[in-house]
Amino acid sequence: MLRRLHSAPGLVAGLIVAFMAITGSVLSLQPVMDHFSVRSATVAMNVAALANAVSTHLTGVERIVHAASGAVTAYYDGGKGVAAALIDPATGAVLGDYSPSPIFVFFTELHRSLFLGMNGRFASGMSALALIVLAVSGMLLLVRRLGGWQNIFVTAKGTTSQRLHVELARIAIIGLLVSSLTGGYMSLTSFGVIASTSSVGQFPVSVDGGTPAPISSLNALQAVPLADLRELVFPYAGDRTDVFTLTTASGQGYVDQATGALLNFTPNSVGQSIYETLYMLHTGQGLWWFGALLGLAALCVPVLAGTGTFIWWLRRRNQIKVANNAGARHADTVILVGSEGNSTWGFAQVLHQALVDQAHQVHTGAMNDLAVDYPAARHLLVLAATYGGGYGRPEDRDHGARQHDALNQYVKPLRP
Amino acid sequence: MKKLITVLMLATALGTPTLAFAKDTKLSIQMSNYWGPPAYLAVYLNKPDGTFDSTVWVAGGQSRYQRDLRSWFRAASSSNQRIDGITGASIGGGRTMQVDVNIADSLIDAGYTLHVDSAVQDGGLVRDDAVLKLTQANSGTVVAGRGYVGALSVSF
């Protein structure tokens with residue numbers, strides 16, 4: 001059952017999960033590159049001073065964005081539509097033109113929607129779910145294979161593909177669980193299953209409407225250090241009833257451009273704080289080294305998908321067919337086989353043929369396919385073997401009690 | 001009696017159009033070929049005096065991004081009009097959106113204007129990206145946008 005829970009989603013969703021993992025690991029490079037390229041502020045500037053400096057350098061500033069990497073970007077009227085400039089966080093001076101990396105824009109869209117709109121987002125969410133199922137079932141399979149949690153770090157035995165699968169999974173599992181759980185949460189949010197994560201303060205109904213004061217003099221902006229700023233949206237030029245929209249690490253509000261008063265500030269809800277933390281863990285934006293680790297873990301996924309499929313295919317190909325298998329209701333001899341790697345089936349096959357040669361009606365079946373009744377059976381043979389670290393086959397042990405009781409029902413009538 | 005029914009039917013037939021919404025009002029927006037994630041759009045009507053009247057369509061379903069469509073969001077959030085049935089998916093660069101919308105016949109040739117605001121993540125927030133006077137003569141007329149909207153047209 002557990003094995004099927006692992007192999008079915010692996011086979012069905014292996015390709016898409018591997019695809020998401022590859023695109024995700026490409027994206028994990030972004031915060032790493034930002035970390036090593038962004039100039040961080042040496043002097044603590046407040047938002048009023050920064051906004052003032054930016055608006056003296058650029059005309060028609062629309063908004064200033066402070067990214068998790070520390071980069072400050074200003075969007076302004078570039079004549080032909082919106083232009084963006086990279087800002088020195090220490091002085092507010094323009095460092096140069098800014099345009100988002102086309103590669104990362106492309107991969108971001110590929111990763112979250114495959115350029116297929118909401119259908120793509122659904123596929124992306126489902127692949128997160130598939131990865132959760134694969135990671136959890138895989139972990140449980142691994143624990144069984146190694147003979148319990150206490151052996152979780154013991155070297156795995158098996159064929160090359162099996163060992164590769166197990167060793168990589170063991171390294172990557174925590175990263176993959178973090179990526180898939182946070183990704184799943186983000187997907188549920190974008191589909192509105194988890195309620196709106198953002199507290200949107202109502203636009204202030206009444207503003208002063210007087211002559212706009214110099215930006216550097218606005219109290220509410222002076223009170224915010226750059227470190228706390230997320231985004232500052234400027235009022236539309238010439239619209240005295242408009243306001244500054246201020247988003248900080250702790251919430252969102254508006255600033256009157258005439259009086260500098262903070263209006264309708266709404267602190268972040270618990271839901272939004274959770275979302276932001278999960279977003280940081282998933283993207284590595286603001287936690288670049290963690291993102292890099294997730295990216296490395298994600299690189300294991302294509303190999304896991306490949307080796308996993310190969311192991312599944314080998315198991316299927318090596319499945320042993322038993323010739324002259326009698327029906328369960330007619331067999332005088334029943335052989336039940338518990339096998340993990342198919343080897344016990346080889347013994348069962350030989351035994352079966354030998355009994356058939358002795359003119360017995362023999363039925364051989366998997367232990368898990370135990371029938372309710374074997375009315376003609378006089379002999380019941382159970383073949384099992386050790387597995388992994390030298391323990392019995394996990395399924396047989398897990399269901400041991402149940403099967404023991406069940407087998408007793410058949411064994412008793414066979415006694416004279 | 002028969003006469004009365006005929007009169008009633010005639011009255012109904014003549015009377016209805018003043019109350020009815022325009023039949024088959026089609027809104028069509030062709031996005032420009034910009035490079036970036038899908039855009040959020042707000043399509044809304046302004047009264048002859050330039051103040052907000054009503055929302056016609058919103059492309060993009062999440063409220064935390066809808067608020068980037070600021071001049072629309074500001075007016076709409078104080079108007080308390082619900083946008084449940086008139087919200088669709090955000091639209092990517094180069095894509096075309098066509099939806100059936102409700103615009104009352106009485107607003108046509110009455111000085112109303114149709115506005116489109118647009119916003120793109122890590123990009124611009126464009127107020128009045130495209131504007132169209134709501135006149136019968138403008139039915140089917142294609143106007144160009146100045147930001148993320150390439151072309152806008154409405155057919156009554």
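## Strand pairing in chain B

In β4(B), B:Gly88 is the bridge partner of B:Ala59. This is a predicted model; local features need pLDDT of at least 70, side-chain atom pairs count only at pLDDT 80 or more, and totals for chains, interfaces and linings use all residues. Strand β4 covers residues 87–88 of chain B and runs parallel to β3(B), with two bridges joining them. Strands here are DSSP runs of E with at least two residues, and helices are runs of H or I with at least four, numbered from the N terminus. Two strands pair if DSSP finds at least two bridges between them.

Strand β3 (residues 52–59) of chain B also pairs with β2(B), residues 40–46. That pairing is antiparallel, over six bridges. B:Ala42 stands opposite B:Val58. Five residues lie between the strands of this hairpin, and B:Gly50 takes a positive phi near 90°.

## Burial in chain B

Seven of the eight residues of β3(B) are buried (under 20% relative accessible area; exposed is over 50%, partly exposed in between; 1.4 Å probe, protein chains only).

Helix α3 (residues 70–79) of chain B is mostly covered too, with seven of its ten residues buried. Among them are B:Trp72, B:Phe73 and B:Arg74. Just after α3(B), B:Asn80 has a positive phi of about 60°.

## Confidence in chain A

Over residues 412–416 of chain A, pLDDT stays under 50. The model has five contacts (heavy atoms within 4.5 Å) for that stretch beyond four places in sequence. Where pLDDT is low, the predicted coordinates should not be read in detail.

Residues are numbered from 1 along each chain as its sequence is written, chains are lettered from A and ligands numbered from 1 in the order in which they are written, and side-chain values use heavy atoms, leaving out hydrogens and water.

Technical notes:
pLDDT = per-residue confidence, 0-100.
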